Amino acid sequence: MNIRTFLLGCLGGLLSLTSCTNNPAQTDYSAFVNPFIGTGGHGHTFPGATLPHGMIQPGPDTRIDGWDACSGYYYADSTLNGFSHTHLSGTGCCDYGDVLLMPTVGKQKIGNQGQQMAYASAFSHQNETAEPGYYSVFLDTYGVKAELSATKRAAIHRYTFPESKEAGFILDLDYSLQRQKNEEMEITVLSDTEICGRKKTVYWAFDQYTNFYAKFSKPFTYTLLTDSMPTSATDATKQPVCKALLRFNTTQGEQVYVKVGLSAVDIAGARQNVETEIPEWDFNQVRTNARKEWNKYLSKIDIQTNNAEDKTIFYTALYHTGISPNLFTDVDGRYRGMDLQIQQGDTIHPMYSIFSLWDTFRALHPLMTIIDPKLNNDFVRSLIKKHQEGGIFPMWDMASNYTGTMIGYHAVPVIVDAYMKGYRDFDVEEAYKACLRAAEYDTTGILCPSLVLPHLMPQAKYYKNAIGYIPCDRENESVAKALEYAYDDWCISVFADAMNDVENQKKYARFAKAYEFYFDQSTGFMRGLDSKGEWRTPFNPRASTHRNDDYCEGTAWQWTWFVPHDIDGLAELMGGEEAFAHKLDSLFTASSELEGETTSSDISGLIGQYAHGNEPSHHITHLYNYVNRPWRTQELVDSIFKSQYSNAPDGLSGNEDCGQMSAWYVLNSMGFYQVCPGRPIYSIGRPLFDKTVINLDNGRTFTIIAHNNSKTNKYIQSAKLNGKPLSKLFFSHNDIVEGSVLELTMSNTR
């Protein structure tokens, strides 16, 4: 029986079983989270306060420029610029860092030099605390303790000052990460305790609108700076300035509070957000409520293990999956749409932004279909609405902006995966129409900047539809685009079949086989074909020219394996099961050397040429299950646990990428992974914990029990689902939904 036959059969004949777990309310899951994981190395996470999928992220900024400033915070730094209210989690591109607030004592300094603002303060990690929904640090330069917490749309700050006649704040509106271009800025003092303002910045998001309202618990005097000044002591180029310098007297230990609301709509929306969500000055209550919200999110999965480090890594990973996408609807239901116009939505199904789809279609969204399918349906609705407002699905949506970042049209697998798992509480007809639109080359009716359009609607779509392949001499990253298009088109063929659209089912099923054009039998790799149908030469499978070759943030070694929808077909191309397995072995044993003048920094976490630090590799370890070598999947997944994740600032081997790196860990540490979103089948790997219980929203549980589990017992000797032996290490999504028990007996020999 081949794997395709097995996978189809796995969808039927399901049993239902429920089991009892501990009351999640009795466990403080937040105590197991270390928000500093990923803030070093190149994880690009931030330790600031936020709520699950919240709009606002108040937190510390330690640097302003460079790749490791993507979240504004880098663990190796020892000075802090202040506390801004918007941050990205683990991205490879930088933006945000809006509405920065810094407490000061003494003469207030303005300007910046290098990574630090003139008003920056020294700090020590010994005097720094981060936990879900709360952040605190002592500012050595000013002798001030800073504390931050948040609701969905608003932040509350608490600052403990020393005695001073020169205490105050700098509210810096023109500050933003990577020194973005501020096209519009306005700041207004409403009273001696209230300030509001707005700004429009141009950077990764071409039209990012931020409105804020801030209320202080202590009256202040102020000076507004709204002229221009040199960018630094060594650069006379003048930039706009929009800052408020606030001053007041303080007694020893006096606490001053600040409440801040944000909105992409207008200042009135920002004010309503903060007044609705934080009506009082009760910092402790906001902090307590934030922890409750995180405990509710983290309680979706219970694990049993005696290893405290593994528990911290797991719950921190689960925490990181709960940051993006971000809420984008104000309390009154208004939001800014992809057409950049103000839209009136509803609060029952709010809009979300920050969709890192090239990353998150692989594991983050599949995880959401398990632990929070209703929320994932809200994500789907948001994507459909973005198609309606802007003319097409976003590839990487930021603050309702088309950025055109990365490749593929991966809103499609997110939607098809939800649909195939039975989660269809959205406009299915409109979703299907939007999927077809995304796959065709048509630049009309798309509302995006002219610089973005060629990336959002690349000619690669024309070539793959018109001539059947993408010539590498006409289109950059041709092989990577072609392979991802083939997979996305397979998803459309599945959707078309469900919609009884026979013509499009056949069309897109044919497009799904296009990966075959790029496989070179003589080298055993996917290669670029030029417009004459000839292989690009010279060819080096470990060569990389970042974002300017036939691949995308990878090499031929990593991209050759991206055919998740037709692994049998890929194996046939490689000469059958034995040859496929031999080639797969060579991926993990090849030299990790990369060649080229501008090799991609994203190719990281190397085991041989397998690159766990970037997304194209994430499904590969499970391919052994498809060619009857499950022990290789088990030992390699175990190796990745040990080498690529740790309880440390540099505990991620690559960018967190809005939850994808962590979602991989969450799924695999539970013992399984979905190789092909759109096909609701899970591949069993190596469970890390003695017992895992997923608390489903339908009241049932899915339980994974690893008998004889230990650090050395990484191999599965036998598997049972609901007491019945499994002949293959796969199970269906229905097995999860119905409530089942998966029992795995572990050993130290394969």
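Ring pairs join Phe83, Tyr135, Tyr159, Phe161, Phe169, Phe216, Phe220 and Phe248 into one cluster. Rings of Phe, Tyr and Trp (its six-membered ring) pair if their centres lie within 6.5 Å. Planes under 30 degrees apart count as stacked, over 60 as edge-to-face and the rest as tilted.

This is a predicted model, in which local features need pLDDT of at least 70, side-chain atom pairs count only at pLDDT 80 or more, and totals for chains, interfaces and linings use all residues. Residues are numbered from 1 along each chain as its sequence is written, and side-chain values use heavy atoms, with hydrogens and water left out.

**Aromatic pairs**

The whole structure holds 47 aromatic pairs. Two are set out here.

| Pair | Geometry | Centre to centre | Angle between planes |
|---|---|---|---|
| Phe83 and Tyr135 | tilted | 6.5 Å | 55° |
| Phe641 and Tyr665 | edge-to-face | 5.5 Å | 70° |

Phe83 sits in strand 3 (residues 82-84) and Tyr135 in strand 9 (residues 134-139). This pair links distant parts of the chain, 52 residues apart. Both Phe83 and Tyr135 are buried. Buried means under 20% relative accessible area, exposed over 50%, and partly exposed in between (1.4 Å probe, protein chains only).

The other pair bridges two helices. Phe641 belongs to helix 17 (residues 630-644) and Tyr665 to helix 18 (residues 660-670), so the pair ties together parts that are 24 residues apart in sequence. Phe641 counts as buried because its relative accessibility is 6%. Tyr665 is buried too, at a relative accessible area of 1%.

**Charges over rings**

Lys311 lies over the face of Phe32, 4.6 Å from the ring centre. The charged end of Lys583 sits over the ring of Phe525, at 3.5 Å from its centre. The test needs NZ of Lys or CZ of Arg within 6 Å of the ring centre and within 35 degrees of the ring normal.

**The whole chain**

The protein chain has 19 helices and 40 strands. These are DSSP runs numbered from the N terminus: helices (H or I) of at least four residues, strands (E) of at least two. Of the 750 residues, 65% are buried. The C-alpha trace spans about 80 × 60 × 50 Å along its principal axes.

Among contacts with a separation of 6 or more, 70% join residues 24 or more positions apart. Contact means heavy atoms within 4.5 Å. The chain exposes about 25,600 Å², and carbon and sulfur atoms supply 48% of it. Accessible areas come from the Shrake-Rupley method with a 1.4 Å probe.
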